[in-house]
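Colleague: Please take me closely through one part of this model, strand by strand and helix by helix. I would like the cut-offs stated as the terms come up.

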Amino acid sequence: MYTSKELELLELLEEKGYLETKLLANLLATDEATVEAMLEKFKADGILLGFRAMVNWQKINRHDVTAFIDVKVTPKRGRGFDEVAERIYRFPEVTALYLMSGAYDLQVVIRAHSLQDVASFVSDKLSPLDSVVSTTTHFKLKTYKHDGILFTPQVEDKRLNITP
Amino acid sequence: MKSLSQQVVSMKPSGIRRFFDLAQTMENVVSLGVGEPDFITPWNVREASYAALEQGYTAYSANAGLLELRQEIASYMTDRFGATYDPTTELIVTTGASQALDIAFRALLNPGDEVIVVEPAFVSYGPLIELAGGTVVPVACRPENGFRLNREDVEAAITERTKAMLLCFPSNPTGATMTGEELTEIAELATKHDLWVVSDEIYAELSYDEPFTSFATLHDMRERTIVVNGFSKAFAMTGWRLGFTCAPEVVTREMLKVHQYGMMCAPTLVQFGGLEALRSRDQHVPKMVKSYRQRRNYFIQALNDAGLPTHVPGGAFYAFPSIRHTGLTSEEFAERLLLEERVAVVPGNAFGASGEGFVRASYATSVEQLQEAIRRIDRFMKQFEVTTTMTDSQR
């Protein structure tokens, strides 16, 4: 069980990313040692997995290709979808993998340098897997928002400097 | 030309105005002078108003506001604060809490009636009371008491001409809150001296440590209290200008006349936004409140660390640090901080004489901006540590 203070810390980190321990302690009205202990616990429990920057590569014209691949698979007796999922997520170009409800089973997200790279990933690596029945590949054209962050220009503060 | 209204001409413009003009001419200002949320109105609220526009809801609403909205406000008041009002006879939707205060005082006051105003107070209170023919009797909240109100101080100010008391907790500008028990002591005075109470509860949702008590829910207070509230602070809707009054029918009937002749009704599109805001309040309000509370925790600690003694405010989004030890007046302090370090705060005397020696610093701005403000304030405060510096150099 986690305390409300611990949950508040997690929500804060999820929203803001990395913050200094002292600032976290002040925001949560506690001391640094308590925050450090909570962070250690989260890491040990596999709850806090790391901190990453959100980069808008669109701004610097780096032409990476992101593809979302809908994959239908045959689950394995005893291991369900986990075995084939494991074989797929081990490829470094796979940036995300989800088990889905609905028309297909796995959604594979891959980031590659070119359309060609995606095509060879699908034909050489993904499709030949025994359990894979079919794939449908979609290419991302533009990111508007990712993980709650807008990729289009931010609205600046529209408030006046001083108001009653 | 014949002369203009003497009363209006003799009124002083808001003390905030001068700083506003000065700050507007400067660049790279970190503003802690803003009395409004840094959140933008939640999208679903904006969308609801947009949809109403699309569907052509461009006509007047009932004078008291859309019945649907009044019903929603009534159930909000019950669910959230345990106060029961009849949406058809005891509720008026206004253009902001400011207009709600205006119609309240116009309905209450005869020339010469005195109104006890708890200070430091929002800049509009005094002028609105005077425009309605009343006389302002300020009662100061004491800093040593965390800016909570003392029963004795109020009682000492009551005269035969006292008609009403105006309370605002959580307070703008001090952020002070009062518990139900503390408010009960004030309520007893209202009963004893047969006073009306105008309770400005605009910051009700922004209470961080103690649950908020609506004044109208105290013993004997429902029938003598006009509750003023609105959407600006809790729902981040300042520019929409949407508020409301909850009061017994006997006074609501009279306020409604003033409202109907002076305003007709609150803008209909805006009312649709308010309806959506109330219906989706659980989605948005707790999140914003949590974020303000975290910033309060950080900012009060940081101000104290920077050498500005600040009491811990239980609500609203203002810190009210003391600047007395700098030897400056609050206007001098605010002006120099703005010119030297480009941090905008509001001098405490803008909120009444008892605010002298303090400044109001709003923490409704991003943590990054608050950290930058603290860096600058830290630097600014160094010059007032003369004695400490001398001791250091003697070592």
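Modeller: Start with B:Leu91, whose bridge partner in β8(B) is B:Cys246. This is a predicted model, in which local features need pLDDT of at least 70 and side-chain atom pairs count only at pLDDT 80 or more, while totals for chains, interfaces and linings use all residues. Residues are numbered from 1 along each chain as its sequence is written, and chains are lettered from A and ligands numbered from 1 in the order in which they are written.

Strand β2 of chain B (residues 91–94) is antiparallel to strand β8 of chain B (residues 243–246), with four bridges between them. Strands here are DSSP runs of E of at least two residues, helices are runs of H or I of at least four, and both are numbered from the N terminus. Two strands pair if DSSP finds at least two bridges between them. From β2(B), B:Leu91 and B:Val93 point one way, B:Ile92 and B:Thr94 point the other way, and all are buried. Buried means 20 or more other C-beta atoms within 10 Å of the residue's own, exposed 12 or fewer, and partly exposed in between, with C-beta atoms placed from the backbone.

Buried residues also occur in helix α8(B): B:Leu183, B:Ile186, B:Ala187 and B:Ala190. An α-helix has 3.6 residues a turn, so residues three or four places apart point the same way. The buried residues of α8(B) pack against α7 (151–157), β5 (162–167) and β6 (196–200) of chain B; contact requires C-beta atoms, placed from the backbone, within 7 Å. The 13 residues of α8(B) (180–192) should span 18 Å at 1.5 Å a residue, and the end C-alpha atoms are 18 Å apart, which agrees. The expected span is 1.5 Å times one less than the number of residues. Just after α8(B), B:Asp194 has a positive phi of about 50°.

Elsewhere in chain B, helices α3 (residues 43–54) and α10 (residues 268–279) pack at about 140°, their axes 8 Å apart. That makes α3(B) oblique to α10(B). Axes are lines fitted to C-alpha atoms over the stretch in contact, and angles run from 0 to 180 degrees between N-to-C directions. Under 35 degrees is roughly parallel, over 145 roughly antiparallel, 65 to 115 roughly perpendicular, and the rest oblique.

Methods: Two residues are in contact if their C-beta atoms, placed from the backbone, lie within 7 Å.
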